[in-house]
Amino acid sequence: MSELILTLYVAGETPGSRRAATNLREICEREMPGEYRIEVVDVIEHPAVAERAGILVTPTLVRRLPPPTRRVIGDLSDGEQVLRQLLDEVEDDAADTAAQPTT
């Protein structure tokens with residue numbers, strides 16, 4: 001699997017924001033250590049960044065790479081659901097690539 005590039009959009013230092021960041025780091029370390037990068041964007045401090053990304057609610061997690069872009073909204077407390085959302089199409093693509101015959 002290629003490295004996941006993730007952006008977590010939060011609104012200030014709220015309990016929900018901290019919980020989402022903690023949950024995300026725990027999921028990533030447990031399931032894919034060393035295979036991810038996380039950027040946290042505070043939409044209060046950087047509203048233009050959030051606007052360009054189309055962020056309407058926080059916390060919102062965006063998988064930027066590999067394509068396609070995926071979004072997960074909420075505190076990320078359901079680790080299994082978060083993993084399905086983040087990895088579903090990545091794993092499908094890897095399986096398709098592995099099944100391709102070589103010439």
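1. Let's start inside the fold: L4 is buried, with a relative accessible area of 0%. Here buried means under 20% relative accessible area, exposed means over 50%, and partly exposed lies in between (1.4 Å probe, protein chains only). L4 belongs to strand β1.

2. Residues are numbered from 1 along each chain as its sequence is written, and side-chain values use heavy atoms, with hydrogens and water left out.

3. How confident is the predictor? The score to look at is pLDDT, the predictor's confidence in each residue, from 0 to 100. The mean pLDDT of the protein chain is 87, and 84% of its residues reach 70 or more. Over residues 94–103, however, the pLDDT is below 50, and this stretch has zero contacts in the model beyond near neighbours in sequence. Contact here means heavy atoms within 4.5 Å. Where pLDDT is low, the predicted coordinates should not be read in detail.

4. Now the overall plan. The protein chain holds three helices and four strands, and from the N terminus on its elements run β-α-β-α-β-β-α. Helices (H or I, at least four residues) and strands (E, at least two) are DSSP runs, numbered from the N terminus. Of the 103 residues, 37% count as buried. Among contacts between residues at least 6 apart in sequence, 66% join residues at least 24 apart.

5. In what order do the strands of the open sheet lie? The order is β2-β1-β3-β4, with mixed pairing. The edge strands are β2 (36–42) and β4 (70–73), each of which pairs on one side only. From one strand to the next, the twist averages 20 degrees. Two strands pair if DSSP finds at least two bridges between them. Strands of a sheet pair through backbone hydrogen bonds, either parallel or antiparallel.

6. Strand β1 (residues 4–10) and strand β3 (residues 60–65) run antiparallel and are joined by five bridges. T7 has V62 as its bridge partner in β3, and Y9 has T60. On to β4: β3 and β4 also run antiparallel, with four bridges between them, and T60 stands opposite I73 in β4. These two strands form a hairpin with four residues between them.

7. Helix α1 (residues 15–31) lies across β1, β2 and β3, and it runs at about 175 degrees to β2. For such angles, axes are lines fitted to C-alpha atoms, for helices over the stretch in contact, and the angles run from 0 to 180 degrees between N-to-C directions.

8. Is R70 buried or exposed? R70, found in strand β4, is buried, with a relative accessible area of 14%. The side chains of R70 and Q85 are joined by a polar contact of 3.1 Å. A polar contact is a pair of N or O atoms within 3.5 Å; within protein, one must be able to donate a hydrogen and the other to accept it, and residues adjacent in sequence count only if both atoms are side-chain atoms.

9. The loops deserve a look too. L56 lies in the loop between α2 (47–53) and β3, and at 82% relative accessibility L56 counts as exposed. P59 lies in the loop between α2 and β3; the peptide bond from T58 to P59 is cis, with omega near -5 degrees. A cis peptide bond also joins P67 and P68, with omega about 0 degrees, and P68 sits in the loop between β3 and β4.

10. L76 is not a glycine, yet it has a positive phi of about 65 degrees. L76 is buried, with a relative accessible area of 4%.

Notes: Predicted model: local features only at pLDDT ≥ 70, side-chain atom pairs only at ≥ 80, totals over all residues.
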